Amino acid sequence: MNKSQKEYLRHIMLLPRKLSVAICRAEEGGFWAKILELPGCNTQGEDFLDLVAMVNDAVFTWFNVPQKMRKALGYYMPQIPEELRKKIEADARHAKIEEVVGHIIKGKKILRFSNAGLSSS
C-alpha cells in the first residue's frame with residue numbers, strides 16, 4: 001500500500017459518517033452553522049446551498065483532508081425526510097430554494113448531515 005492510499009484510508013477512518021449541524025439565519029442575510037461534534041468548527045453561507053458546501057469545506061478542513069482527496073471521500077448532505085424533499089422540489093420551481101429551505105428549517109435548530117460516500121462499518 002502506497003503513502004497516498006494509506007492517507008486516504010486514514011481519512012475514511014477519521015471522518016464521521018453523520019454530523020449534527022446547528023443552523024440559523026444570519027441577521028445580515030444567509031445562514032451560519034455550527035458542526036456540533038467538532039469543537040470550533042463553524043461556517044456560514046450566503047444561501048442554503050452555499051451553506052451545505054461550506055459545511056463540507058469546514059469538516060474537511062477540520063480533519064486536514066487534502067483538496068485532492070475530498071471528492072473521493074464523498075459529500076455531506078442534510079438528511080431531509082422524503083415528504084420535505086418533495087416539497088422543496090415542488091416549491092423550488094416557484095421560489096428561491098433558500099427561502100423554501102429557510103421556511104422548512106424555521107422550527108428546527110439542528111439538521112443531521114450524512115456522507116453516503118463513507119461506507120458504514
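This short talk walks through one protein chain, beginning with the overall layout and then moving to a few residues.

Before anything else, please keep in mind that this is a predicted model, in which local features need pLDDT of at least 70 and side-chain atom pairs count only at pLDDT 80 or more, while totals for chains, interfaces and linings use all residues. Residues are numbered from 1 along each chain as its sequence is written, and side-chain values use heavy atoms, with hydrogens and water left out.

Let me start with confidence, where pLDDT is the predictor's confidence in each residue, from 0 to 100. The mean over the protein chain is 84, and 79% of the residues reach 70 or more. Confidence is highest in strand E3, residues 42–45, with a mean of 95, and lowest in helix H5, residues 97–105, where the mean is 64. Where pLDDT is low, the predicted coordinates should not be read in detail.

Now to the layout. The chain has 5 helices and 5 strands, where helices (H or I, at least four residues) and strands (E, at least two) are DSSP runs numbered from the N terminus. Along the sequence they follow the order α-β-β-β-α-α-β-α-α-β. Of the 121 residues, 36% count as buried; here buried means under 20% relative accessible area, exposed means over 50%, and partly exposed is in between, with a 1.4 Å probe and protein chains only. Among contacts (heavy atoms within 4.5 Å) with a separation of 6 or more, 57% are between residues 24 or more positions apart.

Helix H1, residues 3–14, is our first stop. Its 12 residues reach 17 Å from the first C-alpha to the last, close to the 16 Å expected at 1.5 Å a residue, the expected span being 1.5 Å times one less than the number of residues. The N-terminal end of H1 is capped by Asn 2, which has a side-chain oxygen 3.0 Å from the backbone nitrogen of Ser 4.

Next come the strands, which are said to pair if DSSP finds at least two bridges between them. Strands E1 and E5 run antiparallel and are joined by 5 bridges, and within this pairing Lys 18 has Ser 114 of E5 as its bridge partner. E5 also pairs with strand E4, residues 76–78, in the antiparallel sense over 3 bridges, with Tyr 76 standing opposite Asn 115. In a regular strand the side chains alternate between the two faces of the sheet. In E5, residues 110–115, the covered face holds Leu 111, Phe 113 and Asn 115, whereas Ile 110, Arg 112 and Ser 114 are on the uncovered one.

Where in this arrangement does Ser 20 sit? Ser 20 belongs to strand E1, residues 18–25, and counts as buried because its relative accessibility is 12%. Its side chain makes a polar contact with the side chain of Arg 112 at 2.5 Å; a polar contact is a pair of N or O atoms within 3.5 Å, and within protein one must be able to donate a hydrogen and the other to accept it, while residues adjacent in sequence count only if both atoms are side-chain atoms. Setting aside neighbours within four places in sequence, Ser 20 touches several residues, including Lys 34, Glu 37 and Leu 111. Leu 36 lies in the loop between strand E2 (31–35) and E3, and although it is 16 residues from Ser 20 along the chain, the two C-alpha atoms are separated by 5.6 Å. Leu 36 is partly exposed, because its relative accessibility is 41%.

Helix H2, residues 48–62, includes Asn 56. Is Asn 56 buried or exposed? Asn 56 is buried, because its relative accessible area is 2%, and beyond its neighbours within four places in sequence it is in contact with Tyr 75 and Tyr 76. Other buried residues of H2 include Phe 48, Leu 51, Val 52 and Val 55.

Most residues other than glycine have a negative phi, and most peptide bonds are trans. Asn 64 lies in the loop between H2 and helix H3 (67–73), and it counts as exposed because its relative accessibility is 60%.
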